[in-house]
Amino acid sequence: MKKVFGLLGSPVGHSMSPVMHKTAYKRMNLEATYEAFDVAPDQLENAVKGIRALGISGCNVTIPHKVEVMKYLDEIDEEARQIGAVNTIVNVDGYLKGFNTDGRGYIQSLLTVAQNLLDQSILVIGAGGAARAVIAALAAHQPHKIVIANRTEEKAQTLADMFSDTKTSVQASTISKVEEQLEDFSIIINTTSVGMSPHVSDQPISLENLAAGSIVSDLIYNPLETTLLKEAKEKKAHTLNGVGMFVQQGALSIEHWTGHYPDVLPMQEVVLDQLNKSK
Ligand code: NAP
């Protein structure tokens, strides 16, 4: 019987997940479909009950439901619990388990440009949900240090405090301080929405003191090259946009649902195609 997977979020009209997942299923010869469901916040509990009632095999969860959905699930995986959010639900005979693939998806993407993470001094700009997933996954790789800087400084401190018992030093700083000390960092990651379309000329941080040869990574994929990445490239840094993370988190969801890790190349091609069409 054809399997049904889906996305719970709002809005979901412009989501690239359906086309990306359907491309993967076709390549895997998996008889399955993937539909985006626009779920209002007051309907989330019913939507989760619907997963069981309709026998939907698995769902992704996106803004604004990633945190709220946790209370309606039967079990939360340890990594998702640490991140404090779920982006993947697996349905086994009506028993719903929540996972989070964002952090590991990001690491897999980062490792396409970074040799290893052990010796790296990493700056994370932003302290929202994406930052939390990325920092949890980075900390598991025990880099030299992680510094968090955010517009709302208290949020950076709260996030750093959550990682106080990890082996890696995770500290909070301010945007102005890290701008001055930018050459100390070998990897700089923008996890804020600053620079995302339509505000494409905005930049979360000045790169004046960037060291050549460092890695500058932006979780944003629309535009494919943010102003931050453009300037980083001009300063001879290696750059990474958010497409890889998006594709890898989807591939890891498919692995949870089917036990098989899909070929990510056709997934990436179709996402790039969609993004180029929407330019
Ligand atoms: P979020 O929880 O709402 O966090 C937003 C972050 O951006 C906060 O740190 C916030 O700072 C900061 N921010 C927002 N507007 C700002 C502004 N005008 N100036 C300075 N800082 C600002 O959102 P999220 O879920 O973490 O997502 C953040 C970004 O990551 C989005 O662009 C999203 O598309 C992207 N993302 C990409 C992927 C992928 O697969 N590539 C996956 C997840 C997320 P304050 O705390 O001061 O408000």
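A strand, in the sense used on this tour, is a DSSP run of E with at least two residues, and strands are numbered from the N terminus. The model on your screen is a predicted one, and the stops below can be selected one after another.

**Stop 1: a strand and its asparagine**

Select residues 88-92, which form strand S5, and pick out Asn 91 within that strand. Is Asn 91 buried or exposed? Asn 91 counts as buried, because its relative accessibility is 15% and buried means under 20% relative accessible area. Now show the side chain of Asn 91 and follow it to the backbone oxygen of Ile 56, which it reaches at 2.8 Å, and then to the backbone oxygen of Ile 51, which it reaches at 3.5 Å. If you leave out residues up to four places away in sequence, Asn 91 touches Ile 51, Arg 52, Gly 55, Ile 56, Ser 57 and Leu 96.

**Stop 2: an asparagine in a loop**

Move on to Asn 100, which sits in the loop between strand S6 (95-99) and helix H4 (102-110). With a relative accessibility of 2%, Asn 100 counts as buried. What does the side chain of Asn 100 reach at 2.9 Å? It reaches the backbone nitrogen of Asp 102, and a polar atom of the Asn 100 side chain also lies 2.9 Å from the backbone oxygen of Ala 85. To see the surroundings, select the residues in contact with Asn 100 beyond its neighbours within four places in sequence, which are Glu 79, Ala 80, Ile 83, Ala 85, Val 86, Asn 87 and Ala 133.

**Stop 3: the ligand**

Select the ligand next, and display the 20 residues that surround it, of which Ala 130, Asn 150, Arg 151, Thr 152 and Leu 219 are the closest. This shell is made up of nine nonpolar, nine polar and two charged residues, and helix H5 (129-140) and helix H9 (243-258) each supply at least two of its members. Look then at individual atoms: an oxygen atom of the ligand is 2.7 Å from an N or O atom in the side chain of Asn 150, and an oxygen atom of the ligand is 3.2 Å from an N or O atom in the side chain of Lys 155. At Leu 219 the backbone takes part, for one of its N or O atoms lies 2.9 Å from a nitrogen atom of the ligand. How much of the 920 Å² that the ligand exposes when taken alone does the protein bury? The protein buries 72% of that area.

**Stop 4**

Most residues other than glycine have a negative phi. Gln 142, however, has a positive phi of about 50 degrees although it is not a glycine, and with a relative accessible area of 37% this residue is partly exposed.

**Stop 5: helix H8**

Then select helix H8, residues 227-234, and colour its buried residues, Leu 228, Leu 229 and Ala 232. They lie on the same side of H8, because they cover an arc of only 95 degrees around the axis. What do the buried residues of H8 pack against? They pack against strand S10 (187-190), strand S11 (215-218) and strand S12 (238-240). Continue into the loop between H8 and S12, where Lys 236 is found; its phi is near 65 degrees, a positive value in a residue other than glycine. Lys 236 counts as exposed, at 62% relative accessibility.

**Stop 6: two cis peptide bonds**

Most peptide bonds are trans. For a cis bond, select Ile 63 and Pro 64, which are joined by a cis peptide bond with omega of about 5 degrees; Pro 64 is in the loop between strand S3 (58-61) and strand S4 (75-76). Finally, go to the peptide bond from Ser 197 to Pro 198, which is also cis, with omega near 10 degrees. Pro 198 has its place in the loop between S10 and S11.

Methods. Residues numbered from 1 in each chain as written. Predicted model: local features only at pLDDT ≥ 70, side-chain atom pairs only at ≥ 80, totals over all residues. Heavy atoms only, no water. Near = heavy atom within 4 Å. Polar contact = N/O pair within 3.5 Å; in protein donor to acceptor, adjacent residues only side chain to side chain. Areas by Shrake-Rupley, 256 points an atom, 1.4 Å probe, with all protein chains shown as cover. Helix = DSSP H or I, 4+ residues; strand = E, 2+ residues; numbered from the N terminus. Nonpolar A, V, L, I, M, F, W, Y, C, P; charged D, E, K, R; others polar. Buried < 20%, exposed > 50% of the residue type's maximum accessible area, 1.4 Å probe, protein only. Arc of directions from axis to C-beta. Contact = heavy atoms within 4.5 Å.
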